[in-house]
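Dear colleague,

Please find the structure that I am handing over to you placed directly below. My notes on it come after.

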Amino acid sequence: MATRKLIVYPYKDLMIQAGAQRFVLTLLDLLAERLPDDTHRTRVDVALSGGSAAQPLGSVLSDPLADAIDWSRVHFWWSDERFVPAYDTDRNALEARRLLLDQLVADGKLPESNIHEMAADTRSADDIADVMDQADSDDASVRAAADAANDALLDDVASDYERELVNELGPEPVIDLMILGMGPDGHYASLFPGHDEVKVTDRLTVGVNHSPKMPPLRVSLTAPLIARSRHTWFFAAGAGKAESLAHVFEQPNNPDYPSSYANGVDEFIWFSTEETVTEL
């Protein structure tokens, strides 16, 4: 595994701009990488997240070097997704499309088939509201039935995404570039403290019910899949994340601070800001 590297910027906007430029250069490097058989790789697989980790995407096309990227060889995945309707602004995929992907598709540079979204919730708004009300019911049997229905849906979505990963990348898929963010509680992707999903080792993807951060239904890549990414980047900014960052750096594989499970094979970098590293 790679040695963890910490890069600290004076403020968040600079971190985001530097991340955008590094993203462009890394894609160019990966696409031009010479393989042992003296060929170039046919594709590069990138996993995106939401929040601060997605913000560099908005500056990618302003970099003149972005025109040199063969986007037809880049495939986009997600580390996690909020299980909400496709039009819901909570969706990580919708944010990534707004910031970058839709423009690439519209310009004919990125095939739509290279965008591998996790499935959205196709239930009606009324049905979703009903089952979520039932999940908060005072009646234990009503809550259990609602949870079972949501768990079944989440497991179906997770299983479908797992099959897509295997079909595209083989039985032990490896992501070339995993881009992540960390929450103030130390979570990453949708692997949260106090939830057992971070300990799952026999799946590539997993459903997450009762997420402590809204919305409550999610799907996430699992810790082992994330840890074997070739290049893993974290973007973590804000004084509210300082304590969690200190715990993450202090002890690996600590379920109380799930981001401590992350790793990378060739490169493992944390991008942060001065106010975020005060407790290290």
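Predicted model: local features only at pLDDT ≥ 70, side-chain atom pairs only at ≥ 80, totals over all residues.

Residues are numbered from 1 along each chain as its sequence is written, and side-chain values use heavy atoms, with hydrogens and water left out.

The parallel sheet

Six strands form an open sheet with parallel pairing, in the order β1-β9-β8-β5-β2-β3. Strands here are DSSP runs of E with at least two residues, helices are runs of H or I with at least four, and both are numbered from the N terminus; two strands pair if DSSP finds at least two bridges between them. The edges are held by β1 and by β3 (74–78), each of which pairs on one side only. From one strand to the next the twist averages 20°. Angles run from 0 to 180 degrees between N-to-C directions, and the axes are lines fitted to C-alpha atoms, for helices over the stretch in contact. Within this sheet, strand β5 (residues 177–181) runs parallel to β8 and is joined to it by five bridges. Leu 177 stands opposite His 231 in β8.

The antiparallel sheet

An open sheet of three strands is paired antiparallel in the order β4-β7-β6. Because β4 (80–82) and β6 (205–208) stand at the edges with a single partner strand each, one side of each is left without a neighbour in the sheet. Neighbouring strands of this sheet are turned by 15° against each other on average, direction ignored.

Strand β7 (residues 218–221) is joined to β6 by four bridges, and the two run antiparallel. Val 208 has Arg 218 of β7 as its bridge partner, and Thr 205 stands opposite Leu 221 in β7. Three bridges join β4 to β7, again antiparallel, with Asp 80 standing opposite Ser 220. Both faces of β7 are covered: Arg 218 and Ser 220 are buried on one side, Val 219 and Leu 221 on the other. Buried means under 20% relative accessible area, exposed over 50%, and partly exposed in between (1.4 Å probe, protein chains only).

Helices against the sheets

Helix α4 (residues 140–169) lies across β6 and β7, running at about 160° to β6. The helix α4 also lies across β2 (44–48) and β3, at about 155° to β3. Helix α6 packs on the sheet and touches β1 and β9 (contact means heavy atoms within 4.5 Å), and its direction makes about 155° with that of β9. In α6 (residues 242–250), the buried residues are Ala 242, Ser 244, Leu 245, Ala 246, Val 248 and Phe 249. Their cover includes β1 (4–9) and β9 (267–273).

Pocket and cavity

Both terms rest on a 1 Å grid over the protein atoms alone: a cavity is a set of points where a 1.4 Å probe fits but cannot get out, a pocket is an open set with protein on both sides within 12 Å along at least five of seven lines, and lining residues have an atom within 4 Å of a point. Grid points are joined across faces, edges and corners, and a volume is the space filled by probe spheres set on the points.

The largest pocket holds about 230 Å³ of space. Its lining has 18 residues, of which Gly 50, Gly 51, Gly 181, His 187 and Lys 213 lie nearest the centre.

There is one cavity of 30 Å³ or more, and the largest cavity has a volume of about 40 Å³. Gly 19, Phe 23, Ala 53, Pro 56, Leu 57, Ile 179, Trp 233 and Phe 235 line the largest cavity. The elements giving two or more residues to that lining are α1 (12–32) and β8 (231–236).

A loop residue

Pro 111 lies in the loop between α2 (92–106) and α3 (125–135). Pro 111 is partly exposed, with a relative accessible area of 32%. Apart from neighbours within four places in sequence, Pro 111 is in contact with Trp 71 and Ser 72.

With kind regards
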